[in-house]
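Subject: Structure handover and notes

Dear colleague,

Please find the structure below, followed by my notes on it. I would be glad if you could read the two side by side.

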Amino acid sequence: MTTPLPVRLDRDSRTPLSVQLADGVRRLALDGTLVVGDRLPSTRALASELGISRATVDTAWDQLRAEGWLEGRTGSGTWVSAGPEVARRQAAPRATATPSPPLVPMDAGTPWRPTPLPRTTRAAWRRAWRSVTDATPPRGYDDPLGLPALRTALAERIARTRGLDVDPDDVLVTSGTTQGLRHVLTGLPPLPVGVEDPGYRAAVAVVLASGRQVVDLPAAGPVGDLSGLAAVYVTPAHQHPLGHVMGADERVRLLAEAERTGVLVIEDDYDSEFRYDVAPVPALAAMARGQVALLGTASKSVMPSLRLGWAVLPDGLRPTVDAFRALTHDTPPWAVQAAFAVMLRDGHVDAVVRAARRAYAERAPRVVAALSPYAELAGPVAGMYSTWLLEEERAVAARKAAEEAGFRVNLLSTYCRSAGLSGLVVGFGGPDDAELDRALDVLVRALR
């Protein structure tokens with residue numbers, strides 16, 4: 001028996017009908033109207049009922065399957081596979097978190113050598129910078145929240161691309177993800193912080209520098225008991241560095257456990273915009289605004305040297321963080337904020353993301369085809385890198401060969417603290433096509 005779908009579509013909205021349908025089904029799963037095991041109408045029947053094309057329904061179903069909310073069963077239709085009852089039915093196992101050693105390797109930078117900015121980005125930056133030179137700078141210190149024009153532009157973009165409806169006053173402008181993390185920690189009790197293992201090395205360094213202990217959490221799989229932690233730091237859109245996307249049931253369980261223990265979830269929105277197969281997975285914060293601090297950055301969409309990011313924090317955390325920023329004046333330079341606001345206003349950032357998606361979607365299969373005979377892919381390929389599992393000795397030899405040829409490839413083991421994994425983290429965002437081909441040839445010869 002199929003379950004009816006009380007979803008209403010607004011044909012006057014600028015939001016595509018497939019996105020509206022996916023959003024509606026997601027909300028029904030979250031509020032318990034749809035439960036795990038419910039069978040959904042066929043695409044033909046639903047398209048007829050809603051007055052839309054089957055292709056629109058297929059697009060929405062592909063998105064929800066990619067996020068883990070739905071699953072297709074051969075010969076029997078499409079079923080709901082995630083919802084709040086998953087967290088209630090399955091108690092989280094205890095003692096899955098492991099204290100990390102006191103020191104970890106610092107981030108070695110991007111997997112490939114840096115290359116000049118694309119011509120279009122250079123031109124857009126020059127135009128934006130010229131507009132700043134004609135503007136009047138503030139007479140005193142900057143607004144501690146960030147430039148109002150930039151916060152307005154970021155609020156619109158976050159709502160449009162990440163599914164999180166925010167006002168400009170909800171957005172804090174930061175100097176990137178690590179500064180956002182430092183500021184969040186000022187508002188938390190002095191307890192340990194859980195970080196995925198393997199995980200983002202700079203985040204581990206920031207937590208340790210704050211005088212807190214880092215507790216290692218599984219990088220992929222269900223969350224365990226979070227008791228005794230102040231926060232957990234996760235990369236749900238594209239786990240760094242293994243590449244997994246946090247599924248819908250894992251998201252629900254994480255939020256349920258965080259609510260049970262009073263732990264803040266810090267969501268690093270890493271690589272969220274660079275999916276090739278479906279639309280970007282909505283932010284975890286869109287499911288539980290009061291439990292999640294969302295951190296974003298312009299490093300991937302524009303350029304790392306811009307040193308700009310943003311944060312959307314739960315209301316209870318804001319007073320302490322706002323007071324710290326006002327006291328320390330620890331905000332990005334006004335001129336850089338103003339230039340980035342112009343780049344957002346003029347549509348440059350959206351254009352860069354679209355172009356990058358096309359480029360990465362073309363490069364990713366080339367990397368997979370070249371390396372898959374010699375190593376195991378650790379997770380789905382998205383964003384601008386892929387991670388490969390192989391023995392440490394072979395990984396070290398391949399990295400050495402790449403360095404001798406003028407390329408830098410990171411070892412997976414340097415992202416681990418207690419996970420014990422080995423392999424290579426191979427980026428393909430920095431080189432041009434000819435450099436990529438040469439680099440892959442070097443790696444293949446070393447691995448062969």
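**Backbone and packing notes**

R307 is placed in the loop between β9 and β10, where the names of helices (H or I, at least four residues) and strands (E, at least two) refer to DSSP runs numbered from the N terminus. This is a predicted model, in which local features need pLDDT of at least 70 and side-chain atom pairs count only at pLDDT 80 or more, while totals for chains, interfaces and linings use all residues. Residues are numbered from 1 along each chain as its sequence is written, and side-chain values use heavy atoms, with hydrogens and water left out.

Although R307 is not a glycine, its phi is positive, at about 55°. Because its relative accessibility is 40%, R307 counts as partly exposed, a class that lies between buried (under 20% relative accessible area) and exposed (over 50%), computed with a 1.4 Å probe on protein chains only. H329, in the loop between α10 (318-328) and α11 (334-345), is also not a glycine and has a positive phi of about 55°; with 37% relative accessibility, H329 counts as partly exposed.

Strand β10 (residues 309-312) is covered on both faces, with G309 and A311 buried on one side and W310 and V312 buried on the other. β10 pairs with strand β4 (residues 171-174) in the antiparallel sense over four bridges, where pairing requires that DSSP finds at least two bridges between two strands. In that pairing W310 is the bridge partner of V173. Strand β9 (residues 292-297) also pairs with β10 in the antiparallel sense over four bridges, and there L294 has V312 as its bridge partner.

β13 is joined to strand β14 (residues 423-427) by two bridges, the two strands running antiparallel, and N410 stands opposite V425 in β14.

Two cis peptide bonds deserve a look. One joins D197 and P198, with omega about 0°, and P198 lies in the loop between β5 (193-197) and α8 (201-209). Another joins H240 and P241, with omega about 15°, and P241 is placed in the loop between β7 (231-234) and α9.

Which residues of α9 are buried? They are A248, R251, V252, R253, L254, L255, E257 and A258. The 14 residues of helix α9 (residues 248-261) should span 20 Å at 1.5 Å a residue, and the end C-alpha atoms are 20 Å apart, which agrees; the expected span is taken as 1.5 Å times one less than the number of residues. Just after α9, G262 takes a positive phi of about 70°.

Finally, the axes of helix α7 (residues 177-185) and α8 come within 10 Å and cross at roughly 30°, the axes being lines fitted to C-alpha atoms over the stretch in contact, with angles running from 0 to 180 degrees between N-to-C directions. The two helices α7 and α8 are therefore roughly parallel to each other, a class that covers angles under 35 degrees, whereas over 145 counts as roughly antiparallel, 65 to 115 as roughly perpendicular and the rest as oblique. The contact (heavy atoms within 4.5 Å) is made by T178, L181, R182 and L185 of α7 and by A202, A203, V206 and V207 of α8.
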